[in-house]
Amino acid sequence: MAETDIDDLIDIIEKEASIDDIPIHMPMMPVRDVVIFTDMLLPLFVGRDKSIKAIEEAAKSNRYIFLSAQKDSDLENPGQADVFEIGTVGKIQKMLKLPDGRIKALVQGIIKGRIEKFEKKRNCFKVKIEILNELELKDFGIEVEALMRNVRESSEKILALRGELSGDVGILLEQIESPGKLADLVASNLRLKVQDAQDILETMDQKKRLEKVNDFLARELELSTVQAKIQTNVKDEISKTQRDYYLREQVKAIHRELGDGDDKLVEIEEYNQKIRKARMPEECEKEAFRQVKRLDQMHSDSSEAGIIRTYLDCIVEMPWIKSTKDSLDINKAAQVLEHNHYGLDKVKERILEYLSVRKLNPDMKGQILCFSGPPGVGKTSLGKAIAKAMKRKFVRISLGGIRDEAEIRGHRRTYIGAMPGRILQGLRQCGTNNPVFMLDEIDKLGNDFRGDPSSALLEALDPEQNSEFSDHYLNMPFDLSKVLFVLTANMTDTIPSALLDRMEVIRITGYTREEKLVIARKHLLPRQIKENGLLRRAVTISDGALETIIAEYTMEAGLREFERKLGTICRKIARQVAEGKKGKFSVTQQGLTKFLGPPIYLTDMDQDESQAGLVTGLAWTEFGGETLYIEVSLCHGKGELTVTGQIGDVMQESARAAFTYTKANMERFNIDKDEFENKDIHIHVPSGAIPKDGPSAGIAMATALISAFTGKIVDNKVAMTGEISLRGRVLPIGGLKEKALGALQAGIKTIIIPEKNKKDLYDLPQSLKKKLHFICVQNLDQVLEVAFIKQDEDGKDQGIDKSKKSATEIDMGSDLNSSEKDTDSDVLSKPDIAKDSDSITSIDTEDEADEDSCS
């Protein structure tokens, strides 16, 4: 009522404008934040250009203007679709131009109208309208009379609570006999939202309009009653000296009673909505709502409230049901793997098998794969390729050096700065519950007084348990069964057996020279050219140069050092380009020293010629296979055995076993007994600064000892690996492929291996088999027959006689499908085979070999 003068309203109601005087063509002015009702007298401050022109045009003619409310009050320049179709025809009673260019106009609502057509839009809106007449109710009925009385009484109560009730208001309300006019009068003075007021304006039925106004009055009366109660309570509780505090509390209390919500209530409601949207399991949802209730009861500035907020943020952001759809096109996945990685056929085959099973059984539990191999062979990039092939998200965390169990399981929320474990953090960041999750460097986990992280991983990596993985911070089960875990390790020896039992280990041994050459052409060289800002067509490196880099500038199973050397060449070329040199740059084998300097890795000088007491062994390291030279020297002494070269306990035992075997069989080898009593024996393994250990040097040490005592020369083109027993049996070893690659890197083509390692030849690449000659042996006599160079009567070396093959000798180029079973059974069934020096299994891979023919 404050906006309308009472006397003016009475005059308006008593004097109605004639409908015939109202034109149907008139200017239209959009109004913001208010809906104009009939019989309403309202001052308007007009500031927009179009609105000012509409007022001026109306003032020049008949002073009629159509007033329509804006749908969005924030729009500065509303269009035809931004105003409501139904509005009110208003008449300008007074108009005053203000100094700032605005116009103050006193407008009276006359009658409702509907926009039929927009006739003018550029300078100001001009519309054609339809006058909306209301039928007068002649017989109101008891229900309408009761409604009108209730509206009058409610209006007086609200005004009384606000302290705005006067006698004139009561008189005015009593004098209005039309239900529609009473509804419009009360609605125009209620603090209604624009949409609610427009709904009342568009209701043409007077009874329904009065009912809607009555509903709004009832709500307003209740709010006004609560407001008055709040004001009374707040005034009683807070002293006058705390005025500022009183105002803040009053606002909070008002919002709380209205249900509109202050900042805290809005925050609580947001958390409730997020929890419902997350669709977490029932027990987890119950716990989340319990935490929200705790937060609601706390002061928003307390430290505990901050901890609960952080916890709730973590819960609602976890991907409880969010998953990415797997791409299970096997052919396309094979193309992706082939494009990103050359070789590694066994690994690719296993990945495609997983995708195939996943396609046939979508409910299959997540697998745990472990890629084990030297650095730089592509373990991490394989994980990315799997994610790309399946169109899953990729998450990687490094476990190297982690010693705290809380890094896996999370911290309990009682600690300051607590957070979830690394696994759940990764899932939270990627936003899905089925990513390809790589746990890098699993073999470098540590443990101390804070716990054992490897034990904490047992639950996460067990497909039978990880569907309810429990994190200390989350304190509720989370399903990890959809995650495809991919682990990487340089070696599996340091992984606890219980953890190793939960994963499928796929060994990536390394690349041959041919594979490195192809990878350099397809991946490494183009990447380095691009990273160094060069044009691909401007740089060429010959195959001979690449092979020289592989052989003489790198000594690794992987590709990292190789790529660094290519990067060095590209940087030097980039400098020349930056200095202004133009044209194509070609790197050849002869000009390689200009870019990389002299070769780094050369064959040991001692091995340029065959010698007595010097044997080439093979060793496995986490960086790949290497040659291991065993030297034995005899000098005058008391028969003492000295072993040097920083070798470990296992290798020390191999040296003692070899020495004992040699001493026990000195008569067979024609060694004088005095040699053992009057000479000291020194076994040395060069590169003494590098720790060495393992049992596979046993036969190399025994061969070197026997060679030193007998003076027989050991062929420097033969390498050997195998463990020795006190009875002279050759026991199997591991890491055959790595050792074979190491031998090939050193230029050795013949390798003696234990008979029981024949099965490992299946896994060797065909290109490697073609270049190496494997000889399988069962006892040391067979080793000596191959290793010692035969000499003729003139003392000339005859080398290895490959033309004479024993009855059990096998050529991998021949067909073994039918005949080898008989050969193997004849050889392996003889109990005295260890004593038969003629029974040597020689696998000659220099011919064309078929992998399926090995048995």
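Lys 348 and Glu 338 pair their side chains in a salt bridge, at 2.9 Å from N to O. The two residues sit in distant parts of the chain, Lys 348 in helix H13 (residues 345-360) and Glu 338 in helix H12 (residues 330-340), ten residues apart. The model is predicted. Across the whole structure, a search finds 33 salt bridges. The count of disulfides is zero.

**The Lys 348–Glu 338 pair**
- Lys 348 is buried, because its relative accessibility is 7% and the cut-off for buried is under 20%.
- Glu 338 is partly exposed, at 37% relative accessible area.

**Asp 39 and Lys 181**
- A salt bridge joins Asp 39 to Lys 181, with 3.1 Å between the closest N and O atoms.
- Asp 39 lies in the loop between strand S1 (25-31) and strand S2 (41-46), and Lys 181 lies in helix H5 (residues 179-189), so this pair ties together parts that are 142 residues apart in sequence.
- Asp 39 counts as buried, at 13% relative accessibility.
- Lys 181 counts as partly exposed, at 22%.

**Glu 304 and Arg 294**
- Glu 304 and Arg 294 form a salt bridge, and their closest N and O atoms are 3.1 Å apart.
- The pair links distant parts of the chain, with Glu 304 in helix H11 (residues 303-317) and Arg 294 in helix H10 (residues 282-297), ten residues apart.
- Glu 304 is partly exposed, at 32% relative accessibility.
- Arg 294 is partly exposed, with a relative accessible area of 28%.

**A salt-bridge network**
- Salt bridges link Asp 326, Arg 358 and Arg 392 in a network.

**Cysteines**
- A disulfide is a covalent bond between the sulfur atoms of two cysteines.
- The structure has zero disulfides by the distance rule applied here.
- Cys 284 is buried, with 1% relative accessible area.
- Cys 570 is buried, with 0% relative accessible area.

**Ser 696**
- Ser 696 occupies the loop between strand S19 (679-684) and helix H25 (698-710).
- Ser 696 is buried, because its relative accessibility is 13% and buried means under 20%.
- Its side chain makes a polar contact of 3.2 Å with the side chain of Lys 739.
- Beyond neighbours within four places in sequence, Ser 696 is in contact with Leu 618, Thr 721, Gly 722, Glu 723, Ile 733 and Lys 739.

Key
Residues are numbered from 1 along each chain as its sequence is written. This is a predicted model: local features need pLDDT of at least 70, side-chain atom pairs count only at pLDDT 80 or more; totals for chains, interfaces and linings use all residues. Side-chain values use heavy atoms; hydrogens and water are left out. Helices (H or I, at least four residues) and strands (E, at least two) are DSSP runs, numbered from the N terminus. Buried means under 20% relative accessible area, exposed over 50%, partly exposed in between (1.4 Å probe, protein chains only). A polar contact is a pair of N or O atoms within 3.5 Å; within protein, one must be able to donate a hydrogen and the other to accept it, and residues adjacent in sequence count only if both atoms are side-chain atoms. Contact means heavy atoms within 4.5 Å. A disulfide is a pair of cysteine sulfur atoms within 2.5 Å. A salt bridge is a side-chain nitrogen of Lys or Arg within 4 Å of a carboxyl oxygen of Asp or Glu.
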